[in-house]
Amino acid sequence: MNALRRNVLKGAAGAGTVAVAVAAGLLKPTQALAGVPRSAFEAKSVGDALKNMGASGPIDSKDITIKAPDIAENGAVVPVEVTSGIAGTSAIAIMAEKNATPLVADFSLKGGAEGYISTRIKMGQTSLVRAVVTAGGKTYTAAKEVKVTIGGCGG
Amino acid sequence: MAEPMRIRATMAGDVADVKVLMNHPMETGLRKDAKTGQLVPAHYITDVTATVNGASVLEAGLSGGISKNPYLGFKVKGPKAGDKVVVNWTDNKGDKNSAEATIG
């Protein structure tokens, strides 16, 4: 974590500060603050999202555990817990495959962070919840189906 | 604008278990207002960073696909009780918030 980045984050002007930093070429626009380019979050399909993340062709892995309900009554709040047993896990991304934009979140793990993330996501309809794990430059994936009774992405 | 954020960090063996609850509407921009029929503008957290004693442990990119009032749990190996956890977030409108907690 360099000092510049701290200053950017602390900057009172918020997005303005980031924009200035981007304009000045201090930060790469595609990865202003996180590991995955924002374009991956706008991708409308799992394949495009993976491509924009630079993670095409992930390997299926049994060392990734996804803890999520089999049936979620309320798609607006679906608890998802991802544990990666793969050594050197550096990033975990979570996707809800049939959401309008499948990539929900991406977590870059640093320092002593363990291969574990717990959060709550929205799901528009029944679909696979996919975890994409980056470890040692390779990408691994696992998926679990969650049935959604009431979708949480519409009105 | 920024509502308080809650962080709880506890040691379990040599691993710190950090739980963060952020206050945010997390609008996707795809939802319609029931009364007006107009789309509710997108308003969601895009970036979350966490540090332990000033060292980065987590950098997250979020989307509107995260539930309202986001919950985030992660585990960090190494810190000791009394170490400081700081969590920052920034949303797509440039709002930001920061909170800190002591690992107990």
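The paragraphs below walk through a predicted model of chains A and B, from overall confidence to individual residues.

The model as a whole scores ipTM 0.91 and pTM 0.82. For chain B, the mean pLDDT is 92, and 97% of its residues reach 70 or more. The C-alpha atoms of chain B fill a box of roughly 50 × 20 × 20 Å along the principal axes. Its secondary structure comes to zero helices and seven strands, giving the pattern β-β-β-β-β-β-β when read along the sequence. Of the 104 residues of chain B, 39% count as buried. Among its contacts between residues at least 6 apart in sequence, 53% join residues at least 24 apart.

Strand β3(B) pairs with strand β6(B) (residues 84-91) in the antiparallel sense over seven bridges, and here Thr51(B) has Val86(B) as its bridge partner. Strand β3(B) also pairs with strand β4(B) (residues 55-62), again in the antiparallel sense, over six bridges. In that pairing, Val52(B) stands opposite Ala55(B). Two residues lie between the strands in the hairpin of β3(B) and β4(B), where Asn53(B) takes a positive phi near 50°.

Two further residues of chain B deserve a look at their backbone angles. Most residues other than glycine have a negative phi. Met26(B), however, has a positive phi near 50°, and its place is in the loop between β2 and β3 of chain B. Met26(B) counts as buried because it has 22 C-beta neighbours inside 10 Å. Asn69(B) also has a positive phi, near 50°, and is found in the loop between β4 and β5 of chain B. With 15 C-beta neighbours inside 10 Å, Asn69(B) counts as partly exposed.

The contact between the chains takes 35 residues from chain B and 38 residues from chain A. On the chain B side, β3, β4, β5 (71-77) and β6 each supply at least two residues. The largest share of that side, eight residues, comes from β4(B). By class, the side of chain B that touches chain A has 15 nonpolar, 12 polar and eight charged residues. Strand β4(B) also takes part in strand pairing across the contact: five bridges join it to strand β6(A) (residues 103-109), and the two run antiparallel. Ser108(A) has Glu59(B) as its bridge partner in this pairing.

One of the facing pairs places Asp17(B) opposite Lys75(B) of β5(B).

Attention now turns to the nonpolar interior. In soluble globular proteins, nonpolar side chains tend to be buried together. In this model, the largest nonpolar core has 62 residues, and those with the most contacts inside it are Ile92(A), Ala93(A), Ile94(A) and Met95(A). Strand β5(A) (residues 89-96) gives the largest share of this core, six residues. Leaving aside residues up to four places away in sequence, Ile94(A) touches Val80(A), Val82(A), Val104(A), Ala105(A), Ile121(A), Val129(A) and Ala131(A).

Ala96(A) is likewise found in strand β5(A). This residue counts as buried because it has 29 C-beta neighbours inside 10 Å. Beyond residues up to four places away in sequence, Ala96(A) touches Pro102(A), Val104(A), Ile121(A), Met123(A), Ser127(A) and Val129(A), together with Gly65(B) from the other chain. The C-alpha atoms of Ala96(A) and Gly136(A), which are 40 residues apart along the chain, are separated by 24 Å.

Methods
Residues are numbered from 1 along each chain as its sequence is written. Chains are lettered from A and ligands numbered from 1 in the order in which they are written. This is a predicted model: local features need pLDDT of at least 70, side-chain atom pairs count only at pLDDT 80 or more; totals for chains, interfaces and linings use all residues. A nonpolar core is a set of buried Ala, Val, Leu, Ile, Met, Phe, Trp, Tyr and Cys residues joined through C-beta atoms within 7 Å. A residue is buried if 20 or more other C-beta atoms lie within 10 Å of its own, exposed if 12 or fewer, and partly exposed in between; C-beta atoms are placed from the backbone. Helices (H or I, at least four residues) and strands (E, at least two) are DSSP runs, numbered from the N terminus. Two residues are in contact if their C-beta atoms, placed from the backbone, lie within 7 Å. pLDDT is the predictor's confidence in each residue, from 0 to 100. Two strands pair if DSSP finds at least two bridges between them. Ala, Val, Leu, Ile, Met, Phe, Trp, Tyr, Cys and Pro count as nonpolar, Asp, Glu, Lys and Arg as charged, and the others, Gly among them, as polar.
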